[in-house]
Amino acid sequence: MRRRMIGAILALLAPLGAHAAPTDSFARIDQINRASLVMTAETGIVLRPLAATIARALDQVAADAAKPGAERPDDYLRIEPLITAIAGPEATRMHSGRSRQDIIPTVLKLEQRDRLLALAQALDETRGALLAVADREADTIVPAYTNGVQAQPTTLGHLYLGYAAVLARDAQRLREAWARLNLSPLGAAALGTSSFPVDRKRLAELLGFDAPVENSYDAGQLAPVDMGLELTGLSATLATTAGSFAQDLYAQYHQTRPWILLREGALTGPSSIMPQKRNPVALYGLRMKASDVVGAAQAFVIMAHNVDSGMPDYKRNQAEPPGRTLAEAAELCRRWTRVLDGLVVDRARAAEEVAADYSTTTELADTLQREADVPFRLGHHFASELVSYGRSHDLRPAELPFAEVRRIYAEAAAGTGLKPDLPLNEARFRAALSARGMIDAAAGLGGPQPAEVRRMLARARERLEADRAWRDDRRKGLADARARLATAFAALTHEP
């Protein structure tokens, strides 16, 4: 009978969002009040009949605040009068052993963890988009750059798996941050707890935290600083990678014949005066959002730097860092995903760009050492002389006359004690100097060779699925905690 009545009460509460995740500070303070009332009733701080009266008052305040146009205060001292107007001054017993000094950090943590999970989802979607491009372009030969200069050929799949690996580390940092974030400050009071038998572990459980922040001074006065630095820091790390990606792609728009662009339409915009332009608006939107995140992270460092412990500077609402930083980072990921989904790759043009320069000459030196026992430095010197000759005669690598190649080798070998004859026939020389030959010859862990790219792609997908499962488990845990709190609270409303 009792179970059916509680079920009926929960059904009545459902329209008020009893099981839904809170969406603003008012709802989070209401969630904290409900947890506090359950705990104080269980420990005898508040007698059960009074707890029932307070519970009904909390329901009424929540229902009133849910009406269209109703005020939803974000300060406990403005909410408490609404409760006492219904339940009387005895309702303030619910506040025993509490302070705004532990309520505010709890409100912030409740929102920060929701925003962290939202960032996790957006990040995982970006990783999925990167892996989709890496799979599709696993064999697409493209130039890669160091010091801003074409360095060696690789594949677009290999490059984007590199970015996916960075984002996998970001996801790991996020999971590690969660373990420190999901600890409850509630019950620490101003900083030294109180003489009431407050059950901080029970409060943590009711609110879906893994445990309390143990030291009560740390809970409300110190943890908000280093936790904020960690959250804004991981957001800035992610944003820095996004900025690097954007700049890599931006470089294509400096060329008259790019090999990778954004699909025209929603991702690009016209000029107001120059008909030929297709401005990459989605790309600079991504880069500007990355700058917003980095800037917000630095703003929090400044807010928290050289400030006395216990000051409000670093305990601001979520319109300021670190909450805003997490939200901006999630939006950054969404913009990045749209860019990835809109990439158009000209594979022939990319191969042509590689073939126009001498970025494969490292493999020529490697081949001479590996197959003909030519010391690497001699092979390197010979390859460098080939580059100088080819560029001075406006020749591409494939256009080098083989007779000149043999002459240049003989000159490079002079005085070394080695035979002057190039120990490669023309076919082997051409193969060693080709982009496909260089990529396929790669043998190291994590290289661009097709088998290794496929192995890394499979591993990256496994990690992504594991991270998605972790995120879903955390969300389920929070939903289960809200359901348990709703059940325990509903039982109070049934008290006579």
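The model is predicted, so local features need pLDDT of at least 70, side-chain atom pairs count only at pLDDT 80 or more, and totals for chains, interfaces and linings use all residues. Residues are numbered from 1 along each chain as its sequence is written, and side-chain values use heavy atoms, with hydrogens and water left out.

Helix α14 covers residues 402–413. Helices (H or I, at least four residues) and strands (E, at least two) are DSSP runs, numbered from the N terminus. The 12 residues of α14 should span 16 Å at 1.5 Å a residue. The expected span is 1.5 Å times one less than the number of residues. The end C-alpha atoms of α14 are 17 Å apart, which agrees. Phe 402, Val 405, Ile 408, Tyr 409, Ala 412 and Ala 413 are the buried residues of α14. These buried residues fall within an arc of 130° seen down the axis, so they line one face of the helix. The arc is that of the directions from the helix axis to the C-beta atoms. Buried means under 20% relative accessible area, exposed over 50%, and partly exposed in between (1.4 Å probe, protein chains only). Ala 403 and Glu 411 are exposed on the other side of α14. The buried residues of α14 pack against α13 (376–392) and α15 (426–432). Gly 415 follows α14 and has a positive phi, near 85°.

Salt bridges form a further set of links. Side chains of opposite charge can pair when their charged atoms come close. The structure holds 43 salt bridges, each defined as a side-chain nitrogen of Lys or Arg within 4 Å of a carboxyl oxygen of Asp or Glu. One of them joins the side chains of Glu 42 and Arg 202, at 2.8 Å from N to O. Glu 42 lies in helix α2 (residues 25–43) and Arg 202 in helix α7 (residues 200–206), so the pair ties together parts that are 160 residues apart in sequence. Glu 42 is partly exposed, at 43% relative accessibility. Arg 202 counts as buried, at 19%.

Helix α6 (residues 156–181) contains both Asp 170 and Arg 173. These two residues form a salt bridge, with the closest N and O atoms 2.8 Å apart. They are three residues apart in the helix, so about one helical turn separates them. Asp 170 is buried at 5% relative accessibility. Arg 173 is partly exposed, with a relative accessible area of 33%.

Arg 180 forms a salt bridge with Glu 230, and the closest N and O atoms are 2.6 Å apart. This pair links distant parts of the chain, with Arg 180 in helix α6 and Glu 230 in helix α8, 50 residues apart. Both residues are partly exposed: Arg 180 has a relative accessible area of 41%, and Glu 230 has 22%. Elsewhere, salt bridges that share partners join Asp 124, Arg 127, Arg 175, Asp 467, Arg 471 and Asp 472 into one network.

Helix α8 (residues 216–250) also holds Tyr 217. Tyr 217 is partly exposed, with a relative accessible area of 32%. Together with Leu 191 and Leu 222, Tyr 217 forms a nonpolar surface patch of about 240 Å² of accessible area.  Patches are made of residues with over 30% relative accessible area and no salt bridge; like charges are joined within 9 Å, and nonpolar side chains (Val, Leu, Ile, Met, Phe, Trp, Tyr) within 5 Å. Accessible areas come from the Shrake-Rupley method with a 1.4 Å probe; for residues, only the protein chains shown count as cover.

Ala 189 is buried, at 8% relative accessibility. Asn 306 is exposed, with a relative accessible area of 70%.

Thr 337 lies in helix α10 (residues 323–341) and is buried, with a relative accessible area of 13%. Not counting residues up to four places away in sequence, Thr 337 touches Ala 122, Glu 125, Thr 126 and Ala 129. Contact means heavy atoms within 4.5 Å. Val 345 is in strand β8 (residues 343–345) and counts as buried, at 18% relative accessibility. Leaving aside neighbours within four places in sequence, Val 345 is in contact with Glu 137, Thr 140, Leu 156, Trp 259 and Ile 260.
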